[in-house]
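This report describes selected features of one protein chain. Please consult the sequence and the structure shown here alongside the text.

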Amino acid sequence: MNQTLEQVAQDLGFDVVTEPEDDLEFGFTRVLGNPTRLSIESLIEKRSGEIRFAVADVSYRNQSGNTQSRLTHETVLYFEQPGLTLPSATIQPRSLMTGLLATAMSFAGVQQVEFDDDPEFHDAYQVMTLQPESTRALLEATLREYLTEHPGLTVRTDGPRLVVLRSGQRVSPDDLADFIDETDNIAVSLARRGARLESLGIDPETEAKAALQRTPALRGRIVPREDLETFLEQHPPRSIPRTVKRQYLGFVGLFLYVWGGMFFVFGSAVIIGLVASGEMPILVALPFSLMPLIGLGAIVLTFLYRRKQKRLLTSGACVRARVTEVHTTNVTVNNQRRYKVVLQYEFEGRDLTSTINAYEPAVQKAFTLQGSTEQTRILVDPANPERTLWIDSLPTT
């Protein structure tokens, strides 16, 4: 019998969703490793209070540097429970390829969690994470036994969410009930165990921050909490700590200065040399003037942007704001999806709204704050109160 998705959803108590909400799409993106070109189809969803179950067909590519993987098609069960703190981990079938991947990931600080006391699970699955203590505690014996009895499953966990899937496999509507029955047991078990980690004296967030501090490639992205608080306690004009300056006025701006300078200097030298030698008429040289003009434009725009950022940091008024909306966009920068975050705040008796661009990990914080009464801190330009900088979006430790 060939069942339709609507029939299956109705039988299982799910609702068919034609367009995923922005926060759900973000959740899929986050737990699947921030892939490029993520597509979510055949989505069905069920909610119980704040807990969300979703099942969907996804298509995506992963990217490493300038190399993209082939397009992957999978059916995944997605689970999310706000307030849950699971370690970021990947549990997948052991193979030659996963072994090579684990070796490569070890250079970035990702560790393999070995279960020598459980040889059947150890032989069947490979576990990779930056939080080995939390991950080991999460994978209790009964869950490892279940996974061993259901070989071939892949599980990815990340904070309040997780996915369970069979790598590279799509599930037809006829087989969807069996897939959900097999995978939701894992989701529920992980959620229950994750909620107990704190009572066991294990804190995945603390372990994650310690792992970031040990990883040179990631350490520069973190601002010590003490630096941020000391910075905000100053009266304008503030002195900007090196760690904060690196986030807003760091290497990208310097790179654009160098890049723009090279275009301007070499482009100008080539044109002047050719015109002076008489080998290129002035009218022919005019189109080639775009090269130094592009370089000069990059220098000027970078200077103006850095000056505005620096003015906000040194002289901006620190005020409280609420995140009212978070929207996804189709723009990606350095393989990261851009989001629009709407902030609502009061300044000098006026109710104002500002929309800023945000990327990971700020987006995670924005979705957590969206619609809540909890406030966050922003810096407001006194000369232009609608220009803001979300200072609390900085990743801290």
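The model is a predicted one. Helix 15 spans residues 362–369 and is mostly covered, with 6 of its 8 residues buried. These buried positions are A362, V363, Q364, A366, F367 and L369.

Helix 15 lies across strand 12, strand 13, strand 14 and strand 15. Relative to strand 12, helix 15 runs at about 115°. Just after the helix, G371 adopts a positive phi of about 75°.

## Packing of helix 2 against helix 15

Helix 2, formed by residues 22–31, packs against helix 15 at an angle of about 145°. The axes of the two helices are 11 Å apart, and their crossing is left-handed. On the helix 2 side, the contact is made by D22, D23, F26 and R30; helix 15 contributes V363, Q364 and F367. Classified by residue type, this contact has 3 nonpolar, 1 polar and 3 charged residues.

An open sheet is formed by 5 strands in the order 14-13-12-15-16, with antiparallel pairing. Its edge strands are strand 14 (350–358) and strand 16 (384–389), each of which pairs on one side only. On average, neighbouring strands of this sheet are turned by 45° against each other, direction ignored. In general, strands of a sheet pair through backbone hydrogen bonds, either parallel or antiparallel.

Strand 12 (residues 317–333) and strand 15 (residues 376–381) run antiparallel and are joined by 5 bridges. For V319, the bridge partner in strand 15 is I378.

## I378 in strand 15

I378 belongs to strand 15. Its relative accessibility is 0%, and I378 therefore counts as buried, the cut-off for this class being under 20%.

Setting aside residues up to four places away in sequence, I378 touches A317, C318, V319, A321, L343, Y345, T388, L389, W390 and I391. V319, one of these contacts, is also the bridge partner of I378. The C-alpha atoms of I378 and D392 are 6.7 Å apart in space, while the two residues are 14 residues apart in sequence.

P20 is located in the loop between strand 1 (15–17) and helix 2. Is this residue buried or exposed, at 13% relative accessibility? P20 counts as buried because its relative accessibility is 13%, and buried means under 20%.

Apart from residues up to four places away in sequence, P20 touches I40 and L43. P20 and I40 are 20 residues apart along the chain, and their C-alpha atoms are separated by 7.6 Å.

## Confidence of the model

The chain has a mean pLDDT of 87, and 88% of its residues reach 70 or more. Among the elements of the chain, strand 11 (residues 161–166) has the highest mean pLDDT, 97.

The lowest mean pLDDT among the elements, 57, belongs to helix 9 (residues 216–219). Where pLDDT is low, the predicted coordinates should not be read in detail.

Technical notes. Residues are numbered from 1 along each chain as its sequence is written. This is a predicted model: local features need pLDDT of at least 70, side-chain atom pairs count only at pLDDT 80 or more; totals for chains, interfaces and linings use all residues. Side-chain values use heavy atoms; hydrogens and water are left out. pLDDT is the predictor's confidence in each residue, from 0 to 100. Helices (H or I, at least four residues) and strands (E, at least two) are DSSP runs, numbered from the N terminus. Two strands pair if DSSP finds at least two bridges between them. Axes are lines fitted to C-alpha atoms, for helices over the stretch in contact, and angles run from 0 to 180 degrees between N-to-C directions. Contact means heavy atoms within 4.5 Å. A crossing is left-handed if the near helix is turned anticlockwise from the far one by less than a right angle, and right-handed if clockwise. Ala, Val, Leu, Ile, Met, Phe, Trp, Tyr, Cys and Pro count as nonpolar, Asp, Glu, Lys and Arg as charged, and the others, Gly among them, as polar. Buried means under 20% relative accessible area, exposed over 50%, partly exposed in between (1.4 Å probe, protein chains only).
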